Amino acid sequence: MNNSMISKNSLIGKNVVIKDGSIIGENVIIEDDVYIDYGCIIKDNVHIKKGTFVGARCILGEYLVDFFDDMKNKNHPLIIGENSVIRSETIIYGENQIGDNFQTGHRVTIREKSKIGNNVRIGTLSDIQGYCKIGNYVNMHSNVHIGQKSIIKDYVWIFPYVVLTNDPTPPSEQLVGVTIESFAVIATMSVILPGVHIYEDALVGAGATVNKDVYKEVVVAGNPAKPICKVSDIKNKISGEKVYPWRYTFDRGMPWNEVGYEQWAENNPYM
């Protein structure tokens, strides 16, 4: 027996570990084989699916702004998918839906009203500012900032210190999010300005400031960013081989791992 506090109307599955100092709120569902480390706070209306790990001192189901109207937690469910890994001191607000095999680094913040797909990874100290749509197999490295109303499609790579902005005339309340299509790559320290649309297989070079749409398979770089070539022109600096579109040359952590993209796509034509 430990000194954790668990509400009586919470549902706890089999083989669940809840370490000392954790607090489990009202209407919480914790499925089988979940591990909750020391000092976590699982607030009301959170559903943690089976096989998930929650690191020390995480807060899941954090209050939305309407809590401060009367200091009462409203019904803002949070769903976290199966076999997720949520590392220490991450804070995820209520009213989010997160898919299976989700992973965070340490001290990630995810604000409310976002929908996140399967097999998404978000690096340490990254900040998702809510009202976002994030697809499957999206990889964000550390210290990434995703502004409200961003849309990120499947298989996108976002590298450290990237910022997606959303306010065309700051400060204002007329937010316009960035859209990033599938298989695009945003290199480190890039800033994407409000309303920019980055199309499939595009590549944004490191340190770019992007104020115009980036079209399919185009590489942009600079401040302001300008087209410099097609992705097919880029070669591996070690082998000299072509590397883009990257899905034909890279498979680690992808559903086509050890099969190859072409074979996988042939067998999964609707994916």
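Me: Which residues do ring pairs link into a cluster?
Reply: This is a predicted model, in which local features need pLDDT of at least 70, side-chain atom pairs count only at pLDDT 80 or more, and totals for chains, interfaces and linings use all residues. Residues are numbered from 1 along each chain as its sequence is written, and side-chain values use heavy atoms, with hydrogens and water left out. Rings of Phe, Tyr and Trp (its six-membered ring) pair if their centres lie within 6.5 Å; planes under 30 degrees apart count as stacked, over 60 as edge-to-face and the rest as tilted. The cluster linked by ring pairs consists of Tyr137, Tyr155, Trp157, Phe159, Phe183, Trp246, Tyr248, Phe250, Trp256, Tyr261 and Trp264.

Me: How many aromatic pairs are there, by this rule?
Reply: A pair of aromatic rings is described by the distance of the centres and the angle of the planes. By this rule, the count of aromatic pairs is 19.

Me: Are the rings of tryptophan 157 and phenylalanine 159 stacked or tilted?
Reply: The ring centres of tryptophan 157 and phenylalanine 159 are 6.0 Å apart. Their planes stand at 15°, so the pair is stacked.

Me: How many residues apart in sequence are the parts that phenylalanine 183 and tryptophan 246 tie together?
Reply: Phenylalanine 183 and tryptophan 246 form a tilted aromatic pair, 5.9 Å centre to centre with 55° between the planes. Helices (H or I, at least four residues) and strands (E, at least two) are DSSP runs, numbered from the N terminus. Phenylalanine 183 lies in the loop between strand S26 (179-180) and strand S27 (185-186), and tryptophan 246 in the loop between strand S33 (226-230) and helix H2 (261-267), so the separation of the parts tied together is 63 residues.

Me: Is glutamate 181, the salt-bridge partner of lysine 153, buried or exposed?
Reply: A salt bridge is a side-chain nitrogen of Lys or Arg within 4 Å of a carboxyl oxygen of Asp or Glu, and the closest N and O atoms of lysine 153 and glutamate 181 are 3.0 Å apart. Buried means under 20% relative accessible area, exposed over 50%, partly exposed in between (1.4 Å probe, protein chains only). Lysine 153 is partly exposed at 31%. Glutamate 181 has a relative accessible area of 16%, so this residue is buried.

Me: Which residues do salt bridges that share partners join into one network?
Reply: The structure holds eight salt bridges. Arginine 107 forms one with glutamate 89, the closest N and O atoms being 2.5 Å apart. The network joined through shared partners is Arg57, Glu89 and Arg107.

Me: Which strands stand at the edges of the open sheet of eleven strands?
Reply: Two strands pair if DSSP finds at least two bridges between them. The sheet has parallel pairing and the order S1-S4-S7-S10-S13-S16-S19-S22-S25-S28-S31. Each edge strand has a single partner strand, so one side of each is left without a neighbour in the sheet; the two are strand S1 (5-6) and strand S31 (209-210).

Me: Which residue is the bridge partner of leucine 60 in S13?
Reply: S10 and strand S13 (residues 91-93) pair in the parallel sense over three bridges. The partner of leucine 60 in S13 is isoleucine 92.

Me: How many disulfides does the structure hold?
Reply: A disulfide is a pair of cysteine sulfur atoms within 2.5 Å. The number of disulfides in the structure is zero. For cysteine 40, which is in no disulfide, the nearest cysteine sulfur is that of cysteine 58, at 5.0 Å.
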